[in-house]
Amino acid sequence: DGVYVMTPTWFESPDMFAENVRAVEALGRALRATRPRRVVLLSSIGAQHAAGTGAILKLHDMEQAFADLDGVISVRAGWFMENFAGLVPHVRATCVLPSMLTPLDRAHPMVATQDIGHVVADSLLNMTRGRGVIELEGPRRYAPNDVAEAFAKVLGRRVEAQSLPPSEWRGVYAQWGLTPRSAEAMSEMLAGFNSGHIVFEGAQADTVHGPTSLEQVLAELAGR
């Protein structure tokens, strides 16, 4: 009756977009063969754009590939709060939050992954809802300075956000195991956030606010 589609990142692949094409084609064959009543796609803020979004372009392509199917809900989620998990040891040791999101006082939609799960489950169960887009974020928006303040509350010490120059982004991603093409895609995505290009579409989309705060997620990530 219902199918949830969440594609991998393929960061370790020489070409993450080629991997996405193959996956979307295979998923399309499966969905058209079975015709479920409801298909829920994990998409992203900015997926309405056909260019200038870097890694998010994969999700735009996925939405377009399934546009002819009935009962499709695209959950366009904001920045995952859990993206800060890998920075917990560094912030704990240095009291510095390096940020590729700039300027440091610009707030972005962020959401906890557990809230994504709840919205997906509700969308799968609500078969009376037609096709459409859900724009999902947390209870409030967070700038890097807000993230640093949340870390400070969780760790019990002062934490300062510091901008990481764009010239260093690809090197950081390479250290994290991303291939050059993936690092390029992620860098373009960050530039899209920082320029204001990657935002929610609004228009006819439904806006949903998850209840989980960034402080709750960071406390769990930090083991507090």
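The points below take up the pockets and then the nonpolar cores. The model is a predicted one, and its largest pocket has a volume of about 1,100 Å³, while the second largest pocket has a volume of about 160 Å³.

**Largest pocket**
- The lining of the largest pocket is made up of 43 residues, and those that lie nearest its centre are Phe-11, Trp-79, Asn-83, Met-186 and Met-189.
- Two or more lining residues come from each of β2 (38-44), α2 (57-65), β4 (79-80), β5 (96-99), α5 (144-155), α6 (169-175) and α7 (180-195), and α7 gives the most, with four residues.
- Sorted by class, this lining holds 31 nonpolar, ten polar and two charged residues.

**Second largest pocket**
- Residues lining the second largest pocket include His-60, Glu-63, Arg-76 and Arg-131, and the elements that give two or more residues to this lining are α2, β3 (72-77) and β7 (132-137).
- The lining of the second largest pocket divides into four nonpolar, five polar and three charged residues.

**Nonpolar cores**
- The largest nonpolar core has 58 residues, of which Phe-84, Leu-97, Phe-151 and Met-189 touch the most other members, and its largest share, seven residues, is supplied by α5.
- Leaving aside residues up to four places away in sequence, Leu-97 touches a set of residues that includes Leu-87, Val-91, Val-147, Phe-151 and Val-159.
- A second, separate core has eleven residues, among them Ala-77, Val-111, Ile-134 and Leu-136.

Note on methods:
Residues numbered from 1 in each chain as written. Predicted model: local features only at pLDDT ≥ 70, side-chain atom pairs only at ≥ 80, totals over all residues. Heavy atoms only, no water. 1 Å grid on protein atoms, 1.4 Å probe; cavity = no way out; pocket = protein on both sides within 12 Å on 5 of 7 lines; lining within 4 Å. Points joined across faces, edges and corners; volume = space filled by probe spheres on them. Nonpolar A, V, L, I, M, F, W, Y, C, P; charged D, E, K, R; others polar. Core = buried A, V, L, I, M, F, W, Y, C linked by side-chain atoms within 4.5 Å. Buried < 20%, exposed > 50% of the residue type's maximum accessible area, 1.4 Å probe, protein only. Contact = heavy atoms within 4.5 Å.
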